[in-house]
Amino acid sequence: MGNTLYLIRHGDTEGTLKDLFYGSTDLPLAEQGVKQIKMLCDKGAYPEADGAKLYTSGMLRTEQTFEHIYGGIDHEIISDLREVGVGIFEMKTMDEVLQHDEARAWLEGEKEYMDFPEGETNDGFIERVSRGLEVLKSDVKHSNVIGVFHGAVIFTCMEMMFPSVKEKAWHWTPNPASGYAVTFEDGKPARYSEIG
């Protein structure tokens with residue numbers, strides 16, 4: 001008998017709608033994000049909170065998404081699972097980011113990873129997400145776990161749990177307001193399905 005870890009990405013923000021690079025900028029949900037969450041709630045896409053451990057990253061967009069799905073239920077914050085800080089690229093368009101040689105090489109697949117100038121290093125981000133994932137994995141031994149987090153956080157968690165499934169880690173990125181249900185058996189991730 002296993003329990004399930006649910007990783008839900010926050011709904012649309014100005015950043016996702018305008019295809020901006022952003023991470024540490026604490027954007028609220030856009031009206032479109034609220035509508036998409038409501039639509040998925042109406043379809044019964046999200047897991048029930050009863051008996052589950054509940055988390056967000058503490059960032060505004062995850063708090064608002066959580067509230068639109070689950071109301072004012074108490075939950076905990078794992079700040080290690082906040083979005084990656086992209087430094088000088090915060091709130092820049094893709095065209096602006098592509099002006100930077102190193103960023104262009106990374107986005108075009110010539111570099112495997114990138115340390116963001118004035119932002120986070122790749123190793124630092126992976127290390128803190130790994131710490132946060134360990135909390136989730138520890139809790140899922142005892143109950144279902146539901147977390148509302150961010151695109152890069154979720155794809156990093158999924159890559160850590162299922163390293164050989166996708167060609168690139170970011171191929172795991174769920175659409176806003178969507179995510180994954182990961183079933184654990186004997187304390188280990190066994191299989192997954194999509195939410196939303």
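**Cores, rings and charges in a predicted model**

Reader: Which residues have the most contacts inside the largest nonpolar core?
Author: This is a predicted model. Its largest nonpolar core has 33 residues. Those with the most contacts inside this core are L5, L7, L136, M158 and M161.

Reader: Which element gives the most residues to this core?
Author: The elements that give two or more residues are β1 (4-9), α5 (101-107), α6 (122-139), β6 (145-149), α7 (151-161) and β7 (179-185). Seven residues come from the element that gives the most, and that is α7.

Reader: How many residues are in the second, separate core?
Author: Its members include I8, I37, I146 and A177. The count for this second core is 17 residues.

Reader: R61 is buried; which side chain of opposite charge is nearest, and how far away is it?
Author: R61 sits in helix α3 (residues 60-70). A salt bridge needs nitrogen and oxygen within 4 Å. R61 has none. The nearest side chain of opposite charge is D26, at 4.3 Å.

Reader: Which backbone oxygen lies 2.8 Å from a polar atom of the R61 side chain?
Author: The R61 side chain also makes a polar contact with the side chain of H10, at 3.4 Å. Beyond its neighbours within four places in sequence, R61 is in contact with residues including Y22, T25, E83 and H150. The backbone oxygen at 2.8 Å belongs to T25.

Reader: Is the ring pair of F21 and F89 stacked or edge-to-face?
Author: Both residues are buried. F21 lies in strand β2 (residues 20-21), and F89 in the loop between β4 (76-77) and β5 (92-93), 68 residues apart. The ring centres are 6.4 Å apart and the planes stand at 75°, so the pair is edge-to-face.

Reader: Which residues do ring pairs link into a cluster with F21 and F89?
Author: The count of aromatic pairs comes to 11. Ring pairs join F21 and F89 in one cluster with W106, F116 and W170.

Reader: Why are K38 and D42 separated by about one helical turn?
Author: Their side chains meet in a salt bridge at 3.2 Å, N to O. Both K38 and D42 are exposed. They are separated by about one turn because in helix α2 (residues 31-42) they are four residues apart.

Reader: How many residues apart are K53 and E76?
Author: Their side chains form a salt bridge at 2.8 Å, N to O. K53 is partly exposed at 28% relative accessible area, and E76 is partly exposed at 41%. The pair links strand β3 (residues 53-56) to strand β4, and the separation is 23 residues.

Methods: Residues are numbered from 1 along each chain as its sequence is written. This is a predicted model: local features need pLDDT of at least 70, side-chain atom pairs count only at pLDDT 80 or more; totals for chains, interfaces and linings use all residues. Side-chain values use heavy atoms; hydrogens and water are left out. A nonpolar core is a set of buried Ala, Val, Leu, Ile, Met, Phe, Trp, Tyr and Cys residues joined through side-chain atoms within 4.5 Å. Buried means under 20% relative accessible area, exposed over 50%, partly exposed in between (1.4 Å probe, protein chains only). Lys and Arg count as positive and Asp and Glu as negative; His and the chain ends are not counted. A polar contact is a pair of N or O atoms within 3.5 Å; within protein, one must be able to donate a hydrogen and the other to accept it, and residues adjacent in sequence count only if both atoms are side-chain atoms. Contact means heavy atoms within 4.5 Å. Rings of Phe, Tyr and Trp (its six-membered ring) pair if their centres lie within 6.5 Å; planes under 30 degrees apart count as stacked, over 60 as edge-to-face and the rest as tilted.
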